[in-house]
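I opened my notebook today to look at how the parts of a protein model touch one another. Come along and check each entry against the picture.

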Amino acid sequence: MSEWPFLDIVVFLPLAGTLLIGLIPRARVGALRIGALAVTVVTFLLSLGILMNFDTGTADFQLGTSVEWIPEWGISYITGVDGVSLWMVMLTTFLMPLSVLASWSVERRAKPYFIFLLTLETGLLGVFVSLDLFLFYVFWEASLVPMYLLIGIWGYRNRVYAAMKFFLFTLVGSLLMLVAILFLYFSFPGSPTFNYQELLGTPLSLGTQRLLFLGFFASFAVKVPLVPLHTWLPDAHTEAPTAGSVMLAAVLLKLGAYGLIRFAIPLFPDAARELVPLVMTLAIIGIVYGAAVAIVQRDMKRLIAYSSIAHLGFIVLGVFVGSIQGMSGGILQMLNHGLSTGALFMLFGALYERRHTRRIADYGGVARSAPVLAGVFLFVALSSLGLPGLNGFVGEFLVLLGTFFRYRWWVVPAAFGIILAAIYLLWAYKRVFHGPITNDANLRIPDLRPREMVMLAPILVLIAFIGVYPKPFLDRIEPSAQKVVDQLRDSSALPEAAVGDADAP
Amino acid sequence: MPLDIPAVRLTGIAPEIALCATALLLLVIDAVLGERRNRWYLPALASIGLGLSIYFATEAWGTTRLELSGMVAVDGFASFVKITLAVFGLLTVWLGRDFLVRERAEEGEFYGLVLFAVAGMMLMAGAADLIVVFLALETFSLALYVLVGFRRRSLLSQESSMKYFLLGSFSTAFFLLGIAFVYGAVGSTNLYGGEDGPGIVSSFMATGASDVGLLILAMGLLIVGLGFKVAAVPFHMWTPDAYQGAPSPVTGFMAAGSKIAGFAALLRLLDVTLYPLREDWRPLVIGVAVLTMVVGSVLAVVQEDVKRLLAYSSIAHAGFVFTGLIAANDRGVSGSLFYLATYGITVLGAFAVVAVLSGRDDEKVTLRDYRGLFYDRPLLAGALTLFLLSLAGVPVTSGFVAKLVVFGAAIQEGYWWLAVVGMVTSAIAAFFYLKVLVVMYMQEKETEDAERVRSGPLSTGVIGLAALATIVLGLYWGPLIDVAERATLFFAGG
Amino acid sequence: MSLPAYLPVLFLVILSTLFAAGSMFVASKLSPAKWTAAKVEPYECGIEPQEGGVPGGERFPVKFYLLAMLFIIFDIETVFLYPWAVAYDELKVFGLIEMLVFVAILVAAYVYVWRKGALEWAE
Amino acid sequence: MPISYFLVLSALLFSIGVYGVLARRHAVLVLLSIELMLNAVNINLVAFSALLEKAGLDGQVFALFVIAVAAAEVGVGLAIVILIYRNSQDTDVGELSLMKW
């Protein structure tokens with residue numbers, strides 16, 4: 001346990017950073033970039049402190065603080081990380097500097113851009129660390145506005161529509177969740193509180209549980225997204241600027257899965273257990289549908305977007321099969337997908353800066369002029385489609401294993417999804433980087449610049465590392481994963497699970 | 001019959017007296033001194049008067065009794081509303097000063113009328129007898145009618161004032177008929193009753209349920225009259241036109257002031273006096289509430305004029321407050337108070353920004369005039385964004401907390417479906433607030449305007465204060481909610 | 001909830017609408033529509049209306065309106081003097097003071113109107 | 001003398017007022033109709049106060065207030081009419097474009 005609260009500093013440092021950015025005159029674009037980069041890097045370094053002090057082998061929440069906020073309403077500022085949220089926090093702080101690098105080419109209105117980007121980081125981190133339902137909801141909504149502005153202002157042609165769609169879809173979901181939260185708040189026997197760990201014990205009739213679970217589920221399923229609530233995602237991913245797409249794919253989508261693991265299942269285990277078949281069906285549909293649709297995409301960013309739907313299907317599948325392998329695999333996969341898809345978006349963003357088109361057909365033979373770019377792309381693509389030895393394989397394998405233990409036959413369509421993934425990714429790779437050069441512009445594509453190398457190298461290292469030696473990651477994930485699995489499998493474990501003392505760091 | 005001289009204790013209406021006296025003084029001074037170039041002393045005097053009224057209102061805090069032979073209630077509820085109203089009045093006066101200077105139309109009448117209006121609204125909050133409610137209603141309505149038509153050069157302004165006036169008096173007539181029926185049904189118009197005579201409910205219980213029909217009818221008519229003031233559907237037709245036509249500061253004042261005044265009367269009437277009959281009025285009010293939320297949110301989507309848009313949004317907000325009123329429990333009443341206070345501040349801030357941007361003759365108020373505003377005036381646009389997000393109910397703004405508490409009250413009473421309706425309509429509403437953001441952030445300014453609008457020192461101050469309040473109350477609202485709850489604790493008879 | 005209790009509201013609405021529609025109908029049926037010059041020209045207390053007044057040309061001095069309004073206001077206020085006068089004996093000095101305050105307010109209003117030049121007939 | 005006489009009278013007056021407001025387009029006429037409604041209410045109040053034993057003098061006092069307020073309303077209303085009349089160039093001030101709801 002550390003003396004001083006790394007966690008809260010990490011969460012609010014970016015927000016403080018916006019003030020720094022605010023002081024820089026808007027004309028000094030270079031200074032703005034450097035400032036944003038500095039803030040995010042410092043945030044990342046501090047977040048390493050969390051990793052250091054994280055105590056493996058316990059499922060309880062750690063490193064948090066707990067302060068009364070609005071005692072009249074039983075609202076407190078309670079934070080803490082466990083195996084589930086730890087890697088999400090790390091992922092966010094790790095990817096943020098890289099997305100700043102990816103936004104180097106943002107010349108127009110750079111000042112508000114970086115301000116919104118930093119605000120977004122605080123919002124996302126807050127969601128992952130807050131252990132008070134009210135606090136959680138505040139961060140959940142707060143992360144919405146900057147993303148909305150990022151898409152809507154710096155996006156591509158269809159940006160306003162995409163931003164609107166993104167905001168309204170999410171908002172409707174989260175408002176239903178808000179009603180559920182309030183309902184839970186009022187049905188808590190003791191003195192009214194929003195404290196997550198106290199609310200865990202709330203006795204609820206199965207009918208009520210079902211309603212409230214659906215309330216939460218509505219909000220999370222939109223974020224994940226599960227088919228049929230996914231329609232906002234392709235637009236948002238496609239229209240968003242590179243950094244926006246990275247953050248969307250790598251972190252924002254995880255909010256949904258995280259919410260399911262952290263809130264939906266532990267708070268309403270009976271309802272969750274009852275609805276497992278439904279959710280798993282949706283997940284499988286997502287896997288197959290996403291992959292199938294990805295194959296026929298003409299727009300590279302749309303393709304990556306649909307591949308995300310498929311991957312998130314895997315994650316939800318693993319979370320809901322109710323076996324430790326599936327759960328930890330799903331959680332690890334959240335990390336993996338963040339890395340590989342983030343990298344894919346960065347790579348294609350780099351490509352887009354060179355050719356200013358998203359149509360796959362406009363490319364072809366790029367590998368000749370930009371071999372390094374092509375090589376890196378292939379590497380990332382392989383990790384994303386789960387090649388043994390790379391990170392994607394570990395997660396997906398664990399998910400499939402977990403599924404196999406409990407629902408033998410569900411493995412078949414899931415595995416089919418992996419095959420499809422191989423098809424669309426490799427085919428897209430072939431069409432973009434190899435084959436005949438249809439357009440002369442592809443001959444003169446400059447290869448990766450040093451900045452871009454710097455931005456991609458860390459990701460590649462991690463991809464390989466997790467692929468060959470996932471143990472340190474899984475060690476930290478498993479205890480918490482086990483806890484959630486117990487809750488999902490039999491609610492008798494619920495009371496013991498409810499007693500954690502995260503409020504005493 | 002021998003008349004008994006009532007013991008005169010004026011703590012109840014001291015704030016109102018202070019305001020009226022100041023207003024009279026102000027008008028006479030202005031008339032005597034005549035046209036001066038810089039009449040700084042008018043807003044100064046008005047501010048002093050409002051300050052005095054705040055002082056007197058805080059003096060009355062904590063006592064709970066009836067005064068002036070049961071005509072006026074002195075309680076925390078009244079004090080809370082009065083202080084809030086005085087604050088609204090201050091903001092309006094400061095805003096109005098800049099506005100009038102810009103329009104080169106500074107007249108003492110403006111300040112006088114604002115003061116009179118505030119006084120009437122305050123009286124509304126303390127009224128313990130339908131007679132007083134009626135007088136208060138008329139006092140502030142008449143002042144508002146004139147204020148709406150205060151843009152002398154704009155025909156639109158005067159026509160909207162005409163419409164507002166005619167519809168207003170029309171609804172007043174129904175309200176009056178309602179009072180007459182109450183009087184006929186139970187022979188008393190007093191909300192509480194006491195040593196000075198029986199109250200509505202007590203004498204109703206005495207006479208028995210024989211003429212419940214007449215009382216219910218009267219109740220309906222009263223709700224019509226007050227519903228008009230708070231812009232509840234279907235008594236809302238005046239709202240868009242009046243909001244559009246009125247000078248922007250006045251619009252903000254109307255939105256903030258007449259809403260809290262009308263709801264103060266409604267809360268006292270329905271949640272205290274007629275609480276025993278709640279099962280009778282609830283269906284009617286629920287109908288009104290749902291209509292108001294839906295119509296307000298849906299019609300706002302198609303608006304192109306910012307003031308009209310905010311008008312429909314204020315209709316929708318009336319619906320949200322109704323959910324707290326329907327709950328009729330402590331949380332509901334205090335929640336409604338909190339909602340009205342925070343909403344007032346936010347909407348005043350929004351209209352302050354509108355007033356600054358509207359430019360000479362208060363004309364530039366269409367969405368087109370807001371294109372790319374963020375890159376032209378980042379601070380103003382940022383403030384407006386904050387206010388709009390608060391109106392939309394996004395967290396870390398006061399609007400979110402307000403929605404949370406009123407919907408919470410409804411859920412607590414088992415009206416969770418009403419809360420769901422509220423949530424869905426707020427989602428619809430979010431769409432048109434976002435529309436404004438789209439215009440401000442995601443569209444390019446088409447024409448460079450001739451002279452760059454400059455926000456006067458007072459307007460800047462008002463906007464800053466409102467923005468600060470919106471954020472602070474969104475992050476740490478405990479104290480204010482606490483005060484509101486204590487206020488309902490001292491609710492005479494409540 | 002006793003919805004039947006709301007029937008009276010319904011009745012009032014129906015009554016007024018029926019009355020409105022009915023009278024409109026009856027009026028349209030009964031009244032003979034014969035327009036004579038004398039009927040269409042505005043009645044100005046015997047003053048000859050100017051023929052074809054230019055657009056914006058006043059048909060009558062607005063001053064009439066203004067003075068009339070001022071008169072009505074101040075005149076109606078005196079209505080409060082009657083109950084005071086009737087109950088003078090009981091009210092005693094208290095009533096006197098109240099009435100003085102009341103009159104003082106009226107005087108303030110009067111001063112205001114006067115200084116604003118609303119009483120000047122010709123400016 | 002049964003109270004119902006007065007009530008019917010006032011009800012009729014009130015309905016006439018409502019009819020006037022809804023049917024007339026000229027602002028001044030609408031204003032007149034509203035005054036009619038107010039006076040109908042006055043009749044109600046005075047009748048109740050005079051003929052109901054449970055009701056005291058309040059009704060008649062209230063009527064006085066209503067009269068005064070009505071006068072104020074007329075004042076404001078006519079003032080607005082004049083303002084519009086001075087601003088707008090056309091002479092039929094009653095035909096307000098906004099009145100068409």
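My entries below go from contacts between chains to contacts inside one chain.

**Ground rules.** I am working with a predicted model, where local features need pLDDT of at least 70, side-chain atom pairs count only at pLDDT 80 or more, and totals for chains, interfaces and linings use all residues. Residues are numbered from 1 along each chain as its sequence is written, while chains are lettered from A and ligands numbered from 1 in the order in which they are written.

Entry 1: I looked up contacts (C-beta atoms, placed from the backbone, within 7 Å). I found 29 residues of chain B in contact with 35 residues of chain D. On the chain B side, helices H5 (130–148) and H6 (155–186) each supply at least two residues. My helices are DSSP runs (H or I, at least four residues), numbered from the N terminus. H6(B) has the largest share, 17 residues.

**Entry 2: B with A.** Here 25 residues of chain B are in contact with 25 residues of chain A. I noted that H17(B) gives the most to the chain B side, with 12 residues.

**Entry 3: inside A.** Chain A is divided into domain 1 (1–274) and domain 2 (275–505), with bounds from an automatic or database domain assignment. Their centres, taken over C-alpha atoms, are 20 Å apart. How many residues does each domain bring to the contact? I read off 61 residues from domain 1 of chain A and 55 residues from domain 2 of chain A. On the domain 1 side, the largest share comes from H11(A), with 13 residues.

Conventions: Two residues are in contact if their C-beta atoms, placed from the backbone, lie within 7 Å.
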